[in-house]
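Hello,

Here is the structure we talked about handing over. Please look through it before reading my notes.

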Amino acid sequence: MIILDTHADTLYRRSRHPRETLDVTAEKLNRGGVSVQTMALFVGGSPALPDIADTFEGMWRESENLPKEGLKQVTDYRDAKDGESAFIFSVEGCDLLEGHPELLSDWRKKGVRMAALTWNYKNCIGTPAKLNADEHLTPFGRDAVKDMVRLGIAPDTSHLNERGFYDLLEMGIVPLASHSCCKALCGHARNLSDDQLKALFQAGGYVGVNFYPYFLREDGKADLESVCDHVVHMLEMGGDQHIGFGSDFDGIECKPKGLSGPQDFPALLNALRRRGLNEKQIEGIAGKNLMAYYDRIDPRGN
């Protein structure tokens, strides 16, 4: 079975905290049967552009070690192979595009295939959900998103505020949310409302369910069933064929009980089976739904 994960902060953790135990390793990906792990290039702990540039450079350097450890790079999720683990790049926070829109082409050449428009800092693209719900994408942000689509980079709305989210849909853009959960089940500002989920699914978008316990449950006491709750709720919102996994491994300080790393994906899939999902749904959520999303936004040949 093809298993795809749309978000992990492993490169940041490796570059900034090299002595810490990693959630994501080649061995754990192989044990869990993960075909492609998305490795995020994260803006880091400072909004200052020189600091972000330095953080990115450290993660690019660290990524060069992954092939030595048995992980090959792919530049398209549709190249995933069952029984083989690989990685692909994303960006979490497009702050570095300020004054340098040409960076998008550089990122694409390096293999970036999705880009979260903001993290928790307001930037040249738009405003994060953490700050407010009401501010629009900037004019520069609108142009940048169009360039992303042209290049085959999926605009990622995880962390983006609600008004920016709807700006994308009103522009005819089909975004994804790489690591987000349901606000109806847990009222965190980072989660998506039912109206947002319905609109995103109707547009042909995609959501990777986040494993952070405090996005899954208000009290943070989450387990495998808590993740299943969010998957099932998204199905009820019309998400069949539009849902997958965006673990946030190596970016979260605690994990749901029974889901400590990619080696536990088989246990999660079995939990979904116990909830009554059929094998077609399981295969879709595991990876095929994400591959179909890229068929919609970036047909082969781009």
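Predicted model: local features only at pLDDT ≥ 70, side-chain atom pairs only at ≥ 80, totals over all residues.

Residues are numbered from 1 along each chain as its sequence is written, and side-chain values use heavy atoms, with hydrogens and water left out.

**Helix H5**

Helices (H or I, at least four residues) and strands (E, at least two) are DSSP runs, numbered from the N terminus. H5 covers residues 139–151. Its 13 residues should span 18 Å at 1.5 Å a residue, and the end C-alpha atoms are 19 Å apart, which agrees. The expected span is 1.5 Å times one less than the number of residues.

Gly 141, Ala 144, Val 145, Met 148 and Leu 151 are the buried residues of H5. They cover an arc of only 125 degrees around the axis, so they sit on the same side of H5. The arc is that of the directions from the helix axis to the C-beta atoms. Pro 139 and Arg 150 are exposed on the other side. Buried means under 20% relative accessible area, exposed over 50%, partly exposed in between (1.4 Å probe, protein chains only).

The cover over the buried residues includes helix H4 (103–110), strand S5 (112–116), strand S6 (154–156) and helix H6 (162–170). Just after H5, Gly 152 has a positive phi of about 85 degrees.

**Leu 272**

Leu 272 lies in helix H10 (residues 265–274). Its relative accessibility is 0%, so Leu 272 counts as buried. Beyond neighbours within four places in sequence, Leu 272 contacts Cys 228, Val 231, Phe 245, Leu 277, Ile 282 and Ile 285. Contact means heavy atoms within 4.5 Å. Val 231 is 41 residues away along the chain, with 8.5 Å between its C-alpha atom and that of Leu 272.

**Pockets**

A pocket is an open set of points on a 1 Å grid over the protein atoms alone, where a 1.4 Å probe fits, with protein on both sides within 12 Å along at least five of seven lines; lining residues have an atom within 4 Å of a point.

The largest pocket holds about 420 Å³ of space. It has 22 lining residues, and Asp 9, Trp 119, Asp 248, Gly 251 and Ile 252 are the closest to its centre.

The second largest pocket has a volume of about 180 Å³. Its lining residues are Asp 240, Gln 241, Lys 280, Gln 281, Gly 284, Ile 285, Lys 288 and Asn 289. A volume is the space filled by probe spheres set on the points, which are joined across faces, edges and corners.

Best wishes
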